[in-house]
Amino acid sequence: MVPMSSTETPMTPEHRSMLLTLARDSIRAGFETGRALTVDPAQWPEPLQREGASFVTLKRPDGSLRGCIGTLEARQPLVTDVAEHAHAAAFRDPRFQPLAAHELDRVNLELSILSRPEPLPVASEAELLATLQPGEDGLILEEGVHRGTFLPSVWESLPDPGDFVRELKRKAGLPTDYWSPSLTIRRYRTESFGEDER
């Protein structure tokens with residue numbers, strides 16, 4: 001069973017609220033200083049000091065994407081990871097213009113804390129599609145220089161496993177009908193929460 005999050009156990013509501021506040025404070029710091037908020041992990045609860053991998057997503061009032069940046073591998077304290085990715089999602093997502101000050105109070109923040117990605121050994125695309133758990137699995141595809149990932153939340157817009165995998169291949173820069181024995185596939189889960197759940 002893939003653990004729920006990089007902290008191995010689900011977060012308390014208090015920890016979720018602290019991380020969401022941190023993410024928004026880091027974006028606000030970006031307007032004031034041009035940099036992500038500097039975080040001292042020692043000042044945070046112990047579970048949030050542990051290494052963690054996160055994605056921070058910004059959404060417009062209509063639910064459309066406004067920015068999303070994150071990492072798949074835990075390399076630094078979770079609080080540092082969230083602060084850096086919140087700033088990057090607001091100002092450095094290459095798909096969007098940097099967030100404008102008047103947008104700050106209108107965007108909704110969502111955080112996804114990732115479990116450790118685990119290899120998914122399958123011999124064919126049919127086996128992959130049969131193995132996937134829609135709504136639960138995040139997926140990473142890698143083939144040489146080509147790499148792409150979809151968070152579990154993407155199932156909301158691509159509920160069919162075939163469509164999910166085809167669009168992930170497209171995101172990775174591969175043909176939608178591509179398959180190779182050298183294709184690397186990893187699966188992960190997320191613990192996701194947003195400001196609209198407070």
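Two strands pair if DSSP finds at least two bridges between them; helices (H or I, at least four residues) and strands (E, at least two) are DSSP runs, numbered from the N terminus. The model is predicted: local features need pLDDT of at least 70, side-chain atom pairs count only at pLDDT 80 or more, and totals for chains, interfaces and linings use all residues. Residues are numbered from 1 along each chain as its sequence is written, and side-chain values use heavy atoms, with hydrogens and water left out.

In strand 3, Ser112 is the bridge partner of Phe55. Strand 1 (residues 53-59) and strand 3 (residues 108-114) run antiparallel and are joined by seven bridges. The open sheet has four strands in the order 2-1-3-8, with antiparallel pairing. Strand 2 (65-70) and strand 8 (190-194) each have a single partner strand, so one side of each lacks a neighbour in the sheet. From one strand to the next, the twist averages 15°.

Axes are lines fitted to C-alpha atoms, for helices over the stretch in contact, and angles run from 0 to 180 degrees between N-to-C directions.

| Helix | Strands | Angle |
|---|---|---|
| Helix 1 | strand 1, strand 3, strand 8 | about 120° with strand 3 |
| Helix 3 | strand 1, strand 2, strand 3 | about 35° to strand 1 |

The axes of helix 1 (residues 13-33) and helix 3 (residues 78-91) come within 8 Å and cross at roughly 50°. Residues meeting there include Leu19 and Phe31 in helix 1, and Val82 and His87 in helix 3.

Note on methods: Contact means heavy atoms within 4.5 Å.
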